[in-house]
Amino acid sequence: MATKSTAKSMKKTESSRRPPIKIKPGKMLIDGEWMDSCSGRTFETINPATGRAITRIAEGDDKDVDLAVNAARMAFESGPWPNMDARDRGRILAKVAELIEKNQEELAILETMDNGKPITQSRTVDVPYTADTFFYYAGWADKIHGETIPVRGNMFNYTLREPVGVVGQIIPWNFPLLMAAWKLGPALTCGNTVVLKPSKFTTLTCLRLGELFMEAGLPKGVLNIVTGPGETVGEALARHPGVDKVAFTGETLTGKEIMRAAADTLKRVSLELGGKSPNIVFADADIEEAVKGALTGIFFNQGECCCAASRLFLERKIHDQFMDRMVSFASKMRVGDPLDPKTEMGPLISEAQFNKVMDYIDTGKEEGAELACGGKSMESDGYFVRPTIFDNVRNDMKIAREEIFGPVVSALTFKSIDEAIESGNQTPYGLAAAVWTKDIKKAHAAARQLRAGTVWINTYNAFDAASPFGGYKQSGFGRELGIHSLELYTQIKSVWVNLS
Ligand code: NDP
């Protein structure tokens with residue numbers, strides 16, 4: 001097994017020499033105040049490019065969760081938020097979006113230092129898409145309404161669409177800001193109050209976002225942020241009787257634990273979980289475009305994407321040509337200091353994730369898959385793994401079945417559309433899939449037959465705040481983004497009036 005302790009130290013990276021912004025220790029946001037944890041404990045947040053601590057963060061536990069849930073409950077029951085003019089709620093969300101844009105460079109640097117993703121990506125994807133999500137949901141605030149229903153008899157019947165109440169939101173480390181926006185945008189626009197738990201690996205941008213919410217005039221207690229490990233803070237939130245709904249993004253096994261913890265109080269649950277997404281390239285595709293799509297599909301965000309294109313299905317007759325092109329590009333990808341604008345791939349999030357990915361690479365070799373490129377770490381104190389392509393993989397191999405969550409793709413071949421669809425669907429997951437072809441009939445037929453919440457045709461990783469995202473099968477349930485996310489954060493009341 002590879003571990004970082006065996007890797008030789010390389011010269012210090014730019015990010016370790018010169019932190020480009022001032023970073024303070026992280027406190028929790030509870031009832032509009034920035035607080036230490038009840039226990040006084042703290043933990044280090046690590047820069048994955050250097051393996052060194054960036055700062056210390058308050059380590060919450062169930063007592064802090066209790067305080068935060070009580071604050072959110074008070075803000076929901078007696079605060080102005082759920083009852084204020086909807087358009088004014090929208091204005092506050094729009095103000096947050098503006099503040100994100102105003103502070104975009106600082107947020108991008110923080111995200112890159114804490115997570116390891118390339119700064120170019122933080123600047124062009126994570127931060128602008130976060131602002132866009134808040135702008136989008138700001139616009140929904142005054143458009144969420146009930147209906148009148150033509151019932152029998154001399155009765156007037158109408159519905160109210162009301163917020164669910166106190167929402168617990170547990171988010172992962174791969175897109176810290178963006179996942180916060182996907183959850184907070186719809187929850188807050190509907191009038192809910194929130195306790196947010198970022199991953200212990202990536203708290204910094206969520207805490208900065210909390211400051212921007214305060215600056216935008218969010219009433220106290222509407223957004224609370226409790227930092228600390230999932231097993232304590234996350235578990236306490238999922239179990240807490242004062243929480244009406246829990247929304248989670250992360251690993252499928254954790255999602256199952258959350259459902260169990262939420263069951264006692266019958267909380268509403270929405271889950272966005274893992275994936276093993278098939279990326280299917282037919283021989284009639286635009287091969288250059290498909291190669292680019294396959295590369296971004298798996299190597300974007302170091303492969304730490306729930307929808308990563310981790311299984312690449314190639315029609316047999318284009319296999320050699322496609323692999324040559326893909327391997328040639330992948331071998332030349334610039335992996336290194338994520339604060340360098342030229343870097344295309346940064347480090348993995350943590351030593352544990354690095355070890356997990358390197359173990360999968362070893363397993364792939366042992367299973368008999370052919371290592372076409374990569375498969376190596378870099379000599380560094382950071383958690384860097386080179387873009388890795390396995391060829392001649394079978395669908396029953398472990399590397400083709402399990403979510404690796406790193407820059408590792410398994411290439412397989414097929415002869416017919418039926419074989420491609422059948423193999424693509426042979427997974428307990430169903431988050432995303434893609435097909436590449438110039439034949440419009442084939443493309444739409446495949447889109448219908450693939451059991452996945454998102455199907456991309458001749459593209460990969462296309463996202464918009466207005467378009468729903470979520471899983472089939474064990475990739476979860478409930479749809480985030482778009483109008484669909486409003487369903488997760490509202491409930492319907494039927495009101496009857498006797499007119500006779
Ligand atoms: P987790 O599913 O464990 O973490 C996601 C979030 O849940 C984090 O905030 C985490 O907190 C929290 N959490 C962890 N355990 C519990 C619990 N028992 N109850 C409530 N909340 C909990 O993913 P990891 O970050 O540990 O990564 C493990 C693997 O999960 C990765 O290797 C990857 O394969 C997969 N993953 C999938 C993601 C996806 O979007 N599909 C996203 C992230 C990971 P904390 O981090 O503070 O412990």
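Which helices each supply at least two residues of the lining of the second largest pocket? Please bear in mind that the model is predicted. Select helix H5 (119-140), helix H6 (176-189) and helix H10 (287-299): each of them supplies at least two residues of that lining. Among the contributors, H5 gives the most, with 5 residues.

Next, select Gln121, Thr296, Phe300, Asn301 and Asn461, which lie nearest the centre of the second largest pocket. Sorted by class, its lining contains 18 nonpolar, 6 polar and 5 charged residues.

Now colour domain 1 (14-273 + 477-493) and domain 2 (278-333 + 387-466) separately. The second largest pocket lies between these domains, because both give residues to its lining.

Keep the colours and turn to the largest pocket, whose volume is about 840 Å³. Select Trp173, Phe248, Gly250, Glu251 and Thr254; of the 31 lining residues, these lie nearest the centre of the largest pocket.

Then select helix H8 (230-239), strand S10 (245-249), helix H9 (252-263) and helix H12 (351-367), each of which supplies at least two residues of the lining of the largest pocket. Here H8 gives the most, with 5 residues. The lining of the largest pocket has 13 nonpolar, 10 polar and 8 charged residues.

Definitions and conventions
Residues are numbered from 1 along each chain as its sequence is written. This is a predicted model: local features need pLDDT of at least 70, side-chain atom pairs count only at pLDDT 80 or more; totals for chains, interfaces and linings use all residues. Side-chain values use heavy atoms; hydrogens and water are left out. On a 1 Å grid over the protein atoms alone, a cavity is a set of points where a 1.4 Å probe fits but cannot get out, and a pocket is an open set with protein on both sides within 12 Å along at least five of seven lines; lining residues have an atom within 4 Å of a point. Grid points are joined across faces, edges and corners, and a volume is the space filled by probe spheres set on the points. Helices (H or I, at least four residues) and strands (E, at least two) are DSSP runs, numbered from the N terminus. Ala, Val, Leu, Ile, Met, Phe, Trp, Tyr, Cys and Pro count as nonpolar, Asp, Glu, Lys and Arg as charged, and the others, Gly among them, as polar. Domain bounds come from an automatic or database domain assignment.
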